[in-house]
Amino acid sequence: MFNTENSLNQDNHLQLSNLFINHHQTWQGNFNNVSFDAEKIKLKLRNLESPCYIVRNEGRIGITNEGSLSHASNGKTAQMEMLMAVPPLAIQQLGDASFLNFYGVKYAYMTGAMAQGIASEEMVIALGKERILSVFGAGGLSPSRVETAINKIQQALDQKPYAFNLLHSPSEPAIERRSIDLYLKYQVRIIEASAFLDLTDNIVYYRASGLSLNSANQIQIKNKVIAKVSRREVATKFLQPAPTKILQQLVEQGLISELQATLASKIPIADDITVEADSGGHTDNRPLICLLPSILELRDEIQNKYRYEKPVRIGVAGGISTPKSALAAFIMGAAYVVTGSINQSCIEAGTSQYTKALLAQAEMADVMMAPAADMFEMGVKLQVLKRGTLFPLRAQKLYELYKNYNSIEEIPPAEREKLEKQILKKSVQEVWQETVNYLSQRNPDKLTKAASNSKLKMALIFRWYLGLSSRWSNTGEKGREIDYQIWCGPAMGSFNDWVRGSYLSEPKNRQVVEVADNIMTGATFLYRIQNLKIQGLQIPDEYSQYLPVGL
């Protein structure tokens, strides 16, 4: 029996392994609907809306999407032997169904925020119209610019899903509060909280101020929070209820009611936690295969303690860029997946054409860590593209100067000349004047501190370059191409490998909705393939590969 089951089907290269196959079932249907050649087999495997029957006739293995099962008293009398079957598969079956219901979306898939409006209004609107959740990249933008985005997105999407980012600003808490005030004013009901090191009164204020009781005395959550984390200690804070101390302060300030404080003490800060692995921008470069199980176990521990009516869902980001990576995340237990870097090369992204072209050429090894503008003094780094730009090397040079000297004046003349001519391309005095003009409007307190703190003044001068370099990339600043700061993770290279040879290999063809549809459709297709393999069907790679198709 073993040799028979492992014999190669020369016609279509499908074969069986020696697994437990039920030989007492038969298939009944139209023989003409059974395919034995490679191309037709591929089409029937991809027909996810229909069941898939694997049958054998005179030693040949075929596939059909039609017919029915029956039981024969003697397998030899059956016209076609049924080997195995898989049911229809809907993309909505991947991930956690409660994620779809909670946010009113069609896929357990969302696109994460990319600051400076890279995750643009156009991106959020395009995805939202197809009921796919997308987060506007509000980080680093002025309140007026964010307000404009809110109005544009709300007008275009009405009741369809969208979210806005709340980027943690430890050195500028007032910026966080202005964002929260805008979100509450315009009733932005979903935010993605990212780069948080600890809970702030701002995020607690947003969460608690949207709580109430319905007629059935159940807690109603209007302001939903998706927290992006990469560490257990941070995840713990979002998995637990808001700290009593912060809630009491908010009550005393008249920002929330006593009832809202009480309700906030019974629910977690976040509805969902996105486990961020090796991603673009702010990242700890954690391996997803280790990080996700750890956070899932942590969630279960905290759920057992608090017994929330609705457990916090755990999704994943960082490295999600192909059907295989998405399916791997779902199989590991992710409730949803989040894409980031790959969306920057799509036509809706708020990046320049030059940057999109660089991203479309990137390989997995074309990334490295560089100092972050928003947490420069703390030594925090983010992941950027190194191919086609000198930004990461120049940014690292600035951090070395900051660590080695206490003021701009201490920097040796030769080093200062290189700084002005090669990196800043302006005199230090010119850069400082532009910094003064900027901070006098945005953060006058920091300007006052810098007047008596030469180390801080130096950091602010260096942050001028770090801050503008990402904007240069977005606007396509001429003459500054070598200084473009392009946030990017290795997922970009993996995506480019996957789409090579398909219509999505060209940036002009990359639309965020089609990327989403292809990743999720591909993941569903690969799940079917895996199901058949587990049952004992050995499928050649040429049958089981999923390349993007126009939708």
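Is R313 buried or exposed in this structure, and what is its relative accessible area? R313 is buried, with a relative accessible area of 9%, where buried means under 20% relative accessible area, exposed over 50% and partly exposed in between, as computed with a 1.4 Å probe on protein chains only. The structure is a predicted model, in which local features need pLDDT of at least 70 and side-chain atom pairs count only at pLDDT 80 or more, while totals for chains, interfaces and linings use all residues. Residues are numbered from 1 along each chain as its sequence is written, and side-chain values use heavy atoms, with hydrogens and water left out.

The protein chain has 551 residues, of which 54% count as buried, and its C-alpha trace spans about 95 × 60 × 40 Å along the principal axes. It holds 21 helices and 20 strands, these being DSSP runs numbered from the N terminus (H or I over at least four residues for helices, E over at least two for strands). Among contacts with a separation of 6 or more, 70% are between residues 24 or more positions apart, a contact being heavy atoms within 4.5 Å.

R313 lies in strand β16, which covers residues 313–317. Its side chain is joined to that of S98 by a polar contact of 3.1 Å; a polar contact is a pair of N or O atoms within 3.5 Å, of which, within protein, one must be able to donate a hydrogen and the other to accept it, and residues adjacent in sequence count only if both atoms are side-chain atoms. Not counting residues up to four places away in sequence, R313 touches D96, S98, F99, F102, Y103, D271, D272, I273, R299 and A335. The side chains of S230 and D284 are joined by a polar contact of 2.6 Å, and beyond its neighbours within four places in sequence S230 is in contact with E276, D284, R286 and L291.

Helix α5 (residues 143–157) packs against helix α6 (residues 173–185) at an angle of about 25°, with the axes 10 Å apart; axes are lines fitted to C-alpha atoms, for helices over the stretch in contact, and angles run from 0 to 180 degrees between N-to-C directions. The two helices are therefore roughly parallel, a term for angles under 35 degrees. The contact is made by P143, V146, E147 and I150 of α5 and by R178, L182, Y183 and K185 of α6. The axes of helix α4 (residues 121–129) and α5 come within 10 Å and cross at roughly 25°, which makes α4 roughly parallel to α5. Residues of this contact include E121, V124 and I125 of α4 and R145, A149 and I153 of α5.

Most residues other than glycine have a negative phi. D158, in the loop between α5 and β9 (163–167), has a positive phi near 55°, and D158 is exposed, with a relative accessible area of 57%. K425 also has a positive phi, near 60°, and is placed in the loop between α15 (413–424) and α16 (428–442), where K425 is partly exposed, with a relative accessible area of 39%.

Technical notes
Angles under 35 degrees count as roughly parallel, over 145 as roughly antiparallel, 65 to 115 as roughly perpendicular and the rest as oblique.
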